[in-house]
Protein chains: 2
Amino acid sequence: MTLEKHPYHHGDLRAALLKAGEAVLAETGIEGFSLRRVAREVGVSHSAPAHHFGDTQGLLAALAAEGFRQFLEAMQARQASCSSNDPQDLLIASGLGYLDFTLAAPALFKLMFGSDRVDVCDPDLEVTAEAAFDHLAQDIARLRGVSPYEDADAMADVMASWSMVHGFASLLLSGRMHPVQDMDQPAREAFFRQVFARVTG
Amino acid sequence: MTLEKHPYHHGDLRAALLKAGEAVLAETGIEGFSLRRVAREVGVSHSAPAHHFGDTQGLLAALAAEGFRQFLEAMQARQASCSSNDPQDLLIASGLGYLDFTLAAPALFKLMFGSDRVDVCDPDLEVTAEAAFDHLAQDIARLRGVSPYEDADAMADVMASWSMVHGFASLLLSGRMHPVQDMDQPAREAFFRQVFARVTG
DNA sequence: GACAAAATATTGACACTGTCCAGATTGAGG
DNA sequence: CCTCAATCTGGACAGTGTCAATATTTTGTC
């Protein structure tokens, strides 16, 4: 068979669907997302994805899980490029990584945190989401010298920090925070530092 | 004609569609929302809504605008039932109203702040959203003694407060803030007060 | 009151969607 | 080699949004 474009078995269809799915999601947003479109993109029949992800919810859950991995990486990357070792600076770095991811992959972000269209009970998704939360918890642990899981005040710090950065990011995406939207990136970061410092400063 | 169930002209179809639309939205969520379903609910042909709202985006924009009105009312209601006149207490009351609305109409909240499926440029929507924002701005003006529109620090206060309460509400809805989710209402309110106080306290 | 114009609602069509089901193709283990 | 399970295809079905053509009613004007 010289034409090897369409072997009956794709080889690694699951990975290909995830990759294409992410692209489609970024292009069309959650509402325009279509399982058939993803299959078409990969060059496979419209009901092939079902064998790997069940239904649309399943694929979106897998994408969300992948999103949480990238999300964690974004926070870690900002911390890695942070010269300081001050716990406060490291927390802020996480916040900036949070924002980086949000702005880089808005549709994915909305999927992870807002959508009714994803199976929230997916085990892999729960694990990766928990890992991202844990990262923030450890930031606070380093800052307060006590684990949030053992100290209610520290847990309140986690919730406050999380709410602040998440609200900031969400409002930025929603298109309703006009004053901040119009800033360029450096100005926005400076503003965010100023705002974020209130909660832990 | 003795049977007056289906007069050709509905009378006030626009209002009926809005009402049914809100119910459908609450029941099925944004992703499951269907224009035909709303029309069916009202007992009218599947393309009748087009004459009043154009397309789905149009109806959803109108619903979102209506949502912002209720949203503002929820904040005002909490303030009205607030015995204190302390600006700080009034701000917190707004925050609690913010939460009230979020928990009472989660789908509407997501529509107003998160959805790609609503026409963000709808004039009525812009006005009502602005009015809600203004309410918060006045809370800060009262607290700081200067208008946020004329003072950058006060505007930063607005953004910080808004981000905090919005993040708290969003995370609560997202189902990812487990520690707070499991609280009953009084405990959650107490916790929110504690968290929210950090940003303006 | 009569009649044209505009607003309102219906019906049918089209392309698209997700999901189910029966069948075709392939790879792996006995 | 041969069976069996995994994988993939193609067709079917009900549902969707939106468009265009048509029907009905109200409104404004003479």
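How many residues surround DNA strand D, and which of them are the closest?

Guide: A word on conventions comes first. Residues are numbered from 1 along each chain as its sequence is written, while chains are lettered from A and ligands numbered from 1 in the order in which they are written. This is a predicted model, in which local features need pLDDT of at least 70 and side-chain atom pairs count only at pLDDT 80 or more, whereas totals for chains, interfaces and linings use all residues.

DNA strand D is surrounded by 20 residues, and the closest are A:His10, A:Ser45, B:Tyr8, B:Leu35 and B:Asp55. A residue is near a strand if its C-beta atom, placed from the backbone, lies within 6 Å of that strand. The surface near DNA strand D receives at least two residues each from helix 2 and helix 4 of chain B, and helix 2 of chain B gives the most, with three. Helices here are DSSP runs (H or I, at least four residues), and strands are runs of E of at least two, numbered from the N terminus. By class, this surface holds six nonpolar, eleven polar and three charged residues. Ala, Val, Leu, Ile, Met, Phe, Trp, Tyr, Cys and Pro count as nonpolar; Asp, Glu, Lys and Arg are charged; the others, Gly among them, are polar.

DNA strand C may be described in like manner. It too is surrounded by 20 residues, the closest being A:Tyr8, A:Leu35, A:Asp55, B:His10 and B:Ser45. Helix 2 (residues 35-42) of chain A makes the largest contribution there, three residues. The surface near DNA strand C divides into six nonpolar, eleven polar and three charged residues.

Helix 2 and helix 4 of chain B also bear on another element. Together with helix 3 (50-53) and helix 6 (106-114) of chain B, helix 2 (35-42) and helix 4 (56-80) are among what covers the buried residues of helix 1 of chain B. Those buried residues are B:Leu17, B:Gly21, B:Val24, B:Leu25 and B:Ile30. Buried means that 20 or more other C-beta atoms lie within 10 Å of the residue's own, the C-beta atoms being placed from the backbone. Helix 1 of chain B has a kink of about 80°, centred on B:Ala26; the bend is the angle between axes fitted to the seven residues ending at a residue and the seven starting there. Between its end C-alpha atoms, helix 1 (residues 13-32) of chain B spans only 22 Å, whereas a straight helix of 20 residues would span 28 Å at 1.5 Å a residue. That expected span is 1.5 Å times one less than the number of residues.

The two protein chains also meet each other. In all, 34 residues of chain A are in contact with 33 residues of chain B, contact requiring C-beta atoms, placed from the backbone, within 7 Å. On the side of chain A that touches chain B, helix 8 of chain A gives the most, with 14 residues. That side comprises 18 nonpolar, ten polar and six charged residues.

As for chain A as a whole, it has ten helices and zero strands. Of its 201 residues, 39% count as buried. Its C-alpha trace spans about 65 × 40 × 30 Å along its principal axes.

Terms used
A residue is buried if 20 or more other C-beta atoms lie within 10 Å of its own, exposed if 12 or fewer, and partly exposed in between; C-beta atoms are placed from the backbone. Two residues are in contact if their C-beta atoms, placed from the backbone, lie within 7 Å.
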